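Dear colleague,

Here is the structure for your files.

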Amino acid sequence: MTKEKEENKTQPIIKGPSLGYTDNFPKREMWKEIAKELNGEFKIKYNSGHELEIHNISIPHNKWNINISVSDSRPLKFQISFSSSQDFELIISWEDFIERILKKFSKPEIELGWKEFDKHYLIKSNRSDLVKSTITKEIQKTLLRHNVYSISYQTDSATRTAELISVIQRRAGNKEMIFELIEMYKLLIDNLEKSRIIK
């Protein structure tokens, strides 16, 4: 099938009401370039009906892999698995109006000292000291610049493993943005290792 025919095949998804769907097809080349430049891997998958395209990218960093996924129906997401050294839980998410009201009646949230960041994000964790050593100003700036929706780091004490999942936004964005986010997650991994949260 020619590229033109493939593009025509995806056009109805774009032109009609989106119904929560975006078209990932145009981003194929961008992901291929990113994977190639960072010695990673890019794979295209489809759902069972073959109408939704899923892009999976894996980027190596030291002994870990930064897994990136986005599909026609799901937002851009970063996911990293670790062996854990400590019981550490962290959730960073947009602070919306309801959360602002709720936090007035619950225990105080963690603040990092930069007003612009603290106003935009709600931080919950069982270890505020570790949050402050891992979510540095450089990471805060990137999170704000790209309006990252959420980061969740959860430890499974039974298996001594942990998973970091971050939902970025609905669309894949551009190459420059993806490179900045990958660099931010590399820095975050380094900080988690330095703080002896992961091994």
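**Notes on the model**

Glu 183 is partly exposed, at 44% relative accessible area (buried is under 20%, exposed over 50%, partly exposed in between, with a 1.4 Å probe and protein chains only). This is a predicted model, in which local features need pLDDT of at least 70 and side-chain atom pairs count only at pLDDT 80 or more, while totals for chains, interfaces and linings use all residues. Residues are numbered from 1 along each chain as its sequence is written, and side-chain values use heavy atoms, with hydrogens and water left out.

Glu 183 and Lys 186 form a salt bridge, 3.6 Å from N to O (a side-chain nitrogen of Lys or Arg within 4 Å of a carboxyl oxygen of Asp or Glu). Both residues lie in helix α7, three residues apart, about one turn of the helix (helices are DSSP runs of H or I, at least four residues, numbered from the N terminus). Lys 186 counts as buried, at 14% relative accessibility.

Arg 145 forms a salt bridge with Glu 180, with the closest N and O atoms 2.6 Å apart. This pair links distant parts of the chain, since Arg 145 is in helix α6 (residues 137-145) and Glu 180 is in α7, 35 residues apart. Arg 145 is exposed at 51%; Glu 180 is partly exposed at 25%.

The count comes to eight salt bridges. Glu 33, Glu 37 and Lys 175 are linked in a network of them.

In helix α2 (residues 28-37), the buried residues include Trp 31 and Ile 34.

Regards

Note on methods: Helix = DSSP H or I, 4+ residues; strand = E, 2+ residues; numbered from the N terminus.
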